[in-house]
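Visitor: I would like to go through this structure with you, one question at a time.

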Amino acid sequence: MTEQEIDRLRAGLENDQVEFKEDVKATDQQEARLHVMRTVSAFYNTKGGVIFFGIRDKTADVIGLSDPQRAEPGFAQQLKACIDGADPKREIVDYHGIKLLVVTCPKGPKPPYVVKGPDKPFVRVGSTNVAAADEEIARMYRERSSDPQDRQPVLTATVEDFDM
């Protein structure tokens, strides 16, 4: 990611495809980790998006990370333990001499993506992660199949189920 791309994304502040976090270390705390993992899940379940570690949340001030080389593998391990099938691109970027960790999440090919535990799938609405409604979860499952619903076999059906 180039400095110009970061400038463009910072100018729009947080939105449905951009999230700012001050530090990766905050993901060591349970609630902060859950929020970041829900953000990854929401990006995978909607349009995709980018998480910038080293940028302040509300102001988009660039503060950088003290040791991004060490932070990135830890984040990758947490992600692998929390969300099956999510493997976003992670890169350490030099932004005007300040190091950032940039996590780019695509729209996932097989939603819904769920944070392990009692969570439902999350979707991105504006700059917020929202638990997906049951209808939205059903839509995600339908869209992940390459065959239309009416072409799916009903494994428990018998001849008696036919209406002549």
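This is a predicted model: local features need pLDDT of at least 70, side-chain atom pairs count only at pLDDT 80 or more; totals for chains, interfaces and linings use all residues.

Visitor: Which element gives the largest share of the largest nonpolar core?
Guide: The core has 21 residues, and those touching the most other members are Val-24, Met-37, Val-40, Phe-53, Phe-75, Ile-83 and Val-103. Two or more residues come from each of helix H2 (30-45), strand S2 (49-53), helix H3 (68-82) and strand S4 (98-105). Among these elements, the largest share, 6 residues, is given by H2.

Visitor: With which residues is Phe-75 in contact, leaving aside its neighbours within four places in sequence?
Guide: Phe-75 is one of the residues that touch the most other members of the largest core. With those neighbours left aside, its contacts are Val-24, Val-36, Met-37, Val-40, Phe-53, Arg-90 and Val-103.

Visitor: Is Met-164 buried or exposed?
Guide: Met-164 lies in the segment after helix H4 (134-144), and together with Val-159 and Phe-162 it makes a nonpolar surface patch of about 450 Å². Because its relative accessibility is 88% and the cut-off for this class is over 50%, Met-164 counts as exposed.

Visitor: What is the distance of the polar contact between the side chains of Asp-84 and Lys-116?
Guide: Asp-84 is found in the loop between H3 and strand S3 (89-95), where it is exposed, with a relative accessible area of 54%. Leaving aside its neighbours within four places in sequence, Asp-84 is in contact with Tyr-113 and Lys-116. With Lys-116 the contact is polar, side chain to side chain, at 3.0 Å.

Visitor: How far apart in space are Asp-84 and Ser-145, C-alpha to C-alpha?
Guide: Along the sequence, Asp-84 and Ser-145 are 61 residues apart. In space, taken from C-alpha to C-alpha, their separation is 18 Å.

Visitor: Which residue has the backbone oxygen that the side chain of Asn-45 reaches?
Guide: Asn-45 has its place in helix H2 and counts as buried, at 2% relative accessibility. Leaving aside its neighbours within four places in sequence, its contacts include Lys-107, Tyr-113, Val-123 and Met-140. The side chain of Asn-45 reaches, at 2.9 Å, the backbone oxygen of Phe-122.

Terms used:
Residues are numbered from 1 along each chain as its sequence is written. Side-chain values use heavy atoms; hydrogens and water are left out. A nonpolar core is a set of buried Ala, Val, Leu, Ile, Met, Phe, Trp, Tyr and Cys residues joined through side-chain atoms within 4.5 Å. Buried means under 20% relative accessible area, exposed over 50%, partly exposed in between (1.4 Å probe, protein chains only). Helices (H or I, at least four residues) and strands (E, at least two) are DSSP runs, numbered from the N terminus. Contact means heavy atoms within 4.5 Å. Patches are made of residues with over 30% relative accessible area and no salt bridge: like charges are joined within 9 Å, nonpolar side chains (Val, Leu, Ile, Met, Phe, Trp, Tyr) within 5 Å. Accessible areas come from the Shrake-Rupley method with a 1.4 Å probe; for residues, only the protein chains shown count as cover. A salt bridge is a side-chain nitrogen of Lys or Arg within 4 Å of a carboxyl oxygen of Asp or Glu. A polar contact is a pair of N or O atoms within 3.5 Å; within protein, one must be able to donate a hydrogen and the other to accept it, and residues adjacent in sequence count only if both atoms are side-chain atoms.
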